[in-house]
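Grab a pencil and try these exercises before you read the solutions. Each one has a task sentence, followed by a solution in steps.

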There are 2 protein chains.
Amino acid sequence: MTVLILTCEEDVTADMVVVHLNASGVPVVRLDPADLPGGVALSGEYVHGSFRGHLQSAGRLVSIAGLRSIWVRRPGAPAARAPQSSAWLTEESSQALYGMLRGSGARWMNHPDAARQARHKPWQLRLAQDCGLPVPATLITTFPQAAREFAERYPDLVVKPVSGAHPQDPPRAVPTSRVAPDTDFSAVAFGPTLLQRRVAKRADIRLTVVGERMLAARKATAADADPDAVDVRFAPGDVPWRPAEVPPRVAEAVRSYLTRAQLAYGAFDFAEDADGMWWFLECNQSGQFGFVEVETGQPIARAVAEWLAQPGPEPGARVDDADASVC
Amino acid sequence: MTVLILTCEEDVTADMVVVHLNASGVPVVRLDPADLPGGVALSGEYVHGSFRGHLQSAGRLVSIAGLRSIWVRRPGAPAARAPQSSAWLTEESSQALYGMLRGSGARWMNHPDAARQARHKPWQLRLAQDCGLPVPATLITTFPQAAREFAERYPDLVVKPVSGAHPQDPPRAVPTSRVAPDTDFSAVAFGPTLLQRRVAKRADIRLTVVGERMLAARKATAADADPDAVDVRFAPGDVPWRPAEVPPRVAEAVRSYLTRAQLAYGAFDFAEDADGMWWFLECNQSGQFGFVEVETGQPIARAVAEWLAQPGPEPGARVDDADASVC
């Protein structure tokens, strides 16, 4: 049974995981959907009530029924590198590839539908609340009056995008910023705006969860930190990430979150306040983990490799393919 | 409890359903996400572990917790009609709107994730096989040699797109066509190609399923029909659609299909052969039904209205909002 990794060519995080898979002797096929058709080829046959499908990449042929797991890392858009690329060819290639893989019975990290749902921040906040994680008071609105009233109740606010990165090419991260006390909220009417009570934090927490494994890292806020530097991704300073313990109640809530979200992988960001409370900021279903692993020495790549290497679907599971050659 | 309909302004099919909902006194809010922000406004507040959200359209304010069901008909892209529209504003507005609705607890026809999955034809074919529906022998491939071998085994083939309509503006339906006997399959390498054994049909079947209700229509193939006119959408002739009985085994398989696909609505296309066998061609999760209702008199719009009008989530369900005014 093979592990399939969908990612672009230059992906050192995927390289780290492949090293572990290779060391344990688990077969791996790594390909970029951008190379379909071309460097990547596929074929699937539906005859007499059963399916037999194959992928080919770099001369290797793998049966779709022989996939134990699929890691959706940083895949390119299907057909993006085809000689005559077009929106139509991307749509055809995407449906062909993911349509076959969706019927495969392999375990996903993460399933495309779960991944898509998990990107919705309003949904994340609701789920986090439901699972018992503390969420800083938040408003998402296009009503200027609602924003004004919220700012009266919570005078110390930050503003951040509702969605993630700005859809440029390459995408650009939009920093979380503090809201000035005298802000005029009229412009809220022109686009949904996310306002959140600023947590006076003493540390940032990155909790990486891989299946059942939880690996938390903590980056203390420098004593002389500028209170306007709310976004750890853009904050100056050289305080390192250090391994941290996960409080049992947080662990339980996070487990419930990922189960309900149907995610095998999630990178949670929390702000730790002066009482040691972890405030939920977001869960990124495709969050980077390389920087945490490098600074803390935590074996995240190995945990990912181990999850991917677990046995695939049971014999007799949904797809009853065999490793026959049809191409 | 209110029914929310997401669709564009000119949608006579939605009009038909609204007539029935109005007649039964069920509150309805109909809006186009293209008008957010602008004609449509939203606000959602996450405070003390609970969520209170509202939508406003045409001067009406509706609580998100007060939604019993959401019908995703033909919605425009969020922010498409905003004064300063952009990809970024569409992304922000989409995440805000659908992110709140996804956490609402309302019943969906159809849930966006189920709808997206259901569009993948390779996945449809696999699921139909699994549910016991007869599927004509099908090949989806980028291997010219696989196409040649398939055409030797099944000399009478049709070719159709793997995905649905061509992504033009407006989208264009791509007809299913017969494959000539002397076809050179070399070009298959340049894009995934779907080849399928042609069913020598004596009728087309459209089976519209709304929740538990099944409404089948049959359009007999004219005795003098051109065998090259395989696609009923483009076939000439004036044979009407007529109501038909659903064979019990088909009904059972279709029920299983929709349950596993998590769809509340599906429009199945079958080809009926000379033995009366219904061959699965596809299931369109957003298939039009107006033309069937008009020709057969079957009460499809009423069935949709009745499904949407069913009571919403139980009190105490996931979202514990009240109909309070925050805006």
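A residue counts as buried under 20% relative accessible area, exposed over 50%, and partly exposed in between, using a 1.4 Å probe and protein chains only. This is a predicted model, where local features need pLDDT of at least 70 and side-chain atom pairs count only at pLDDT 80 or more, while totals for chains, interfaces and linings use all residues. Residues are numbered from 1 along each chain as its sequence is written, chains are lettered from A and ligands numbered from 1 in the order in which they are written, and side-chain values use heavy atoms, with hydrogens and water left out.

**Exercise 1. Cysteines**

Task: Is C131(A) buried or exposed, and how many disulfides does the structure hold?

Solution. 
- Step 1: C131(A) has a relative accessibility of 12%, so it counts as buried.
- Step 2: Recall that a disulfide is a pair of cysteine sulfur atoms within 2.5 Å.
- Step 3: For C131(A), the closest cysteine sulfur belongs to C283(A) and lies 10 Å away, which is too far for a bond.
- Step 4: Now chain B: C283(B) is in no disulfide either, with the sulfur of C131(B), the nearest one, 10 Å away. C283(B) is buried too, at 2% relative accessibility.
- Step 5: Over all chains, the count of disulfides is zero.

**Exercise 2. Two copies**

Task: Work out which rotation puts chain A on chain B.

Solution. 
- Step 1: Copies are superposed by least squares on the C-alpha atoms of residues with pLDDT of at least 70 in both.
- Step 2: Contact means heavy atoms within 4.5 Å. Of the interface residues of chain A, 100% are interface residues in chain B as well, so the copies meet through the same surface.

**Exercise 3. A pocket and a cavity**

Task: Find which residues are closest to the centre of the second largest pocket, then say what lines the largest cavity.

Solution. 
- Step 1: On a 1 Å grid over the protein atoms alone, a cavity is a set of points where a 1.4 Å probe fits but cannot get out; a pocket is an open set with protein on both sides within 12 Å along at least five of seven lines; lining residues have an atom within 4 Å of a point. Points are joined across faces, edges and corners, and a volume is the space filled by probe spheres set on them.
- Step 2: The second largest pocket holds about 1000 Å³. Among its 35 lining residues, D113(A), A114(A), Q262(A), D113(B) and Q262(B) are the closest to the centre.
- Step 3: Sort the lining by class: Ala, Val, Leu, Ile, Met, Phe, Trp, Tyr, Cys and Pro are nonpolar, Asp, Glu, Lys and Arg are charged, and the others, Gly among them, are polar. That gives 16 nonpolar, 10 polar and nine charged residues for this pocket.
- Step 4: The lining of the largest cavity includes W71(B), R73(B), M109(B), N110(B) and F289(B). By class, that lining has six nonpolar, four polar and two charged residues.
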